[in-house]
Amino acid sequence: MREFPRSLEGNLVGLSTFAVLVWLTSLLAGLLGALTGLGGGVVIVPVLALLFHVDLRYAIGASLVSVIATSSGAAAAYVREGFSNVRIGIFLEVATTLGALLGAYLTAKISTHAVAVLFGAVLIYSAWSSLQLKHVEPTHHPSVLARKLKLIGDYPTRSGRKEYSAENVPAGFGIMFVAGTISGLLGIGSGAVKVLAMDRAMKLPFKVSTTTSNFMIGVTAAASAGVYLSRGYIAPGLAAPVMLGVLIGSLIGSRLLVKMQVRVLRMIFAVVIVALGLEMILSGFTGKL
Amino acid sequence: MSSQNDIKMDIAIGNMLRIGVSVAAAVVLTGWILYLIHAHGAVPDYRHFHGQPILLTNIGSILRGVGALDSRSIIEFGILLLIATPVARVIFCIAAFAVQRDWLYILVSSIVLAVLIYSLFFRT
């Protein structure tokens, strides 16, 4: 893994070759991200940093751009199915966008070593979370807060539309703030943390939480993108192939997902993600990143 | 809860997101192709962080760069369009809640919009 990148460095390889390699890698990252539900960001950042030796800040900037693209692209398909809940989404976006501002602010204050270590930890948590089977039985006893904030809804099932309401609203809101901070700090969608808030804490039905969370990721990422842009984290020559690659890869991935059994792939991929996570932590501690 | 209004709103949001992402991706692709044609030689040094030229870090100068057909400015402009897509979605939500006279959610979505505008236009 260490020897290969040397050939990818500046003078040895032309710009077009580098660009096409980054594009292909991003396409693969987007494909795997969509198939496993982890998102393209968690894959592309460590690959750019560890394999292409791109500075973590450029990698995070390019990844964040691709996160906005895939989230908006996927949300466009989801909202039509009637699973996502616009009110729950926008209510929690108050927490995630404020968190994203804090996260984007922190990127300039924290050393890249610490960012690498944190990234590794989030990778390992995401891998673990992607293997959990969640079957939360949605409840419909809206608390006073959930009723006041209209955090209720219904979704289509085989036996007609089923009602649900959000539980533990303050806890969900708090975890969402953390998810936003992680997203702004690491340039990823942090879907795994959002699932923690919406599935575990707020006990929303699985389909509702995944589609609503996807819907929110774009707005959350947009909140830190402004800060990234003004700090110069978004390098056009790198962000363009990453965004276009991840977007196309995830579009293909979401089409394949309907027809494919992904359990085995999910397991294999979780192992790869854990390996990348450990490598990030190690590189952070030894000062390589 | 899912009234006709909510369903119409969902469909309109879906269309808006799709158009926004498609236009942004087309602009980024155009800029990227121009970039690969014009810039030749070595890969820029991404290994060490040194920010971006000031011309590529604020909205006004990016727009001027697009006028001058600078490929990197065109890519950044496409990225700005991409960032604008979720922002437009939030504005659309405010309008849709206004039609429904849902004052609470007009307020909630306005807070989200305020945070987004703050992050785009204020330097930290």
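Predicted model: local features only at pLDDT ≥ 70, side-chain atom pairs only at ≥ 80, totals over all residues.
Two residues are in contact here if their C-beta atoms, placed from the backbone, lie within 7 Å.

Let me start with one residue, Ser130(A). Which residues does Ser130(A) touch, leaving out those up to four places away in sequence? The list is Thr36(A), Gly37(A), Leu38(A), Arg266(A) and Ala270(A). Take Arg266(A) from that list. Ser130(A) and Arg266(A) are 136 residues apart in sequence. In space, their C-alpha atoms are 7.7 Å apart.

Now the setting. Ser130(A) sits in helix 5 of chain A. That helix covers residues 112–131, and its axis comes within 7 Å of the axis of helix 11 of chain A, residues 263–285. How do the two axes cross? At roughly 165°. Helix 5 of chain A is therefore roughly antiparallel to helix 11 of chain A. The crossing of helix 5 of chain A with helix 11 of chain A is left-handed. And what lines this contact? Its residues split into 17 nonpolar, seven polar and one charged.

Step back to the whole of chain A. How many helices and strands does chain A have? Eleven helices and two strands. Reading from the N terminus, the order is α-α-α-α-α-α-β-β-α-α-α-α-α.

Next, dimensions. The C-alpha atoms of chain A fill a box of roughly 65 × 40 × 30 Å along the principal axes. The radius of gyration of chain A is 19 Å, which agrees with a compact globule of 289 residues, because such a globule would come out near 19 Å. Buried residues account for 60% of the 289 in chain A. Now look at contacts in chain A with a sequence separation of 6 or more. Of these, 81% join residues 24 or more positions apart.

On to chain B. Chain B has four helices and zero strands. Its order from the N terminus is simply α-α-α-α. What is the radius of gyration of chain B? It is 19 Å, whereas a compact globule of 124 residues would be near 14 Å. The box for the C-alpha atoms of chain B is roughly 60 × 30 × 30 Å, again along the principal axes. Buried residues make up 38% of the 124 in chain B. Among contacts in chain B between residues at least 6 apart in sequence, 59% join residues at least 24 apart.

Last topic: where the chains meet. 59 residues of chain B are in contact with 58 residues of chain A. Which helices of chain B each supply at least two residues to that side? They are helix 1 (4–38), helix 3 (71–99) and helix 4 (103–121) of chain B. Helix 1 of chain B gives the largest share, 18 residues. By type, the side of chain B that touches chain A has 35 nonpolar, 15 polar and nine charged residues.

To close, back to the start. Ser130(A) lies in helix 5 of chain A, and among the residues it touches are Arg266(A) and Ala270(A).

Definitions and conventions. Residues numbered from 1 in each chain as written. Chains lettered and ligands numbered in written order. Axes fitted to C-alpha atoms, helices over the stretch in contact; angles between N-to-C directions. Parallel < 35°, antiparallel > 145°, perpendicular 65-115°, else oblique. Left-handed = near helix turned anticlockwise from the far one by under 90°. Nonpolar A, V, L, I, M, F, W, Y, C, P; charged D, E, K, R; others polar. Rg over C-alpha atoms; globule rule 2.2 N^0.38 Å. Buried ≥ 20, exposed ≤ 12 C-beta atoms within 10 Å, placed from the backbone.
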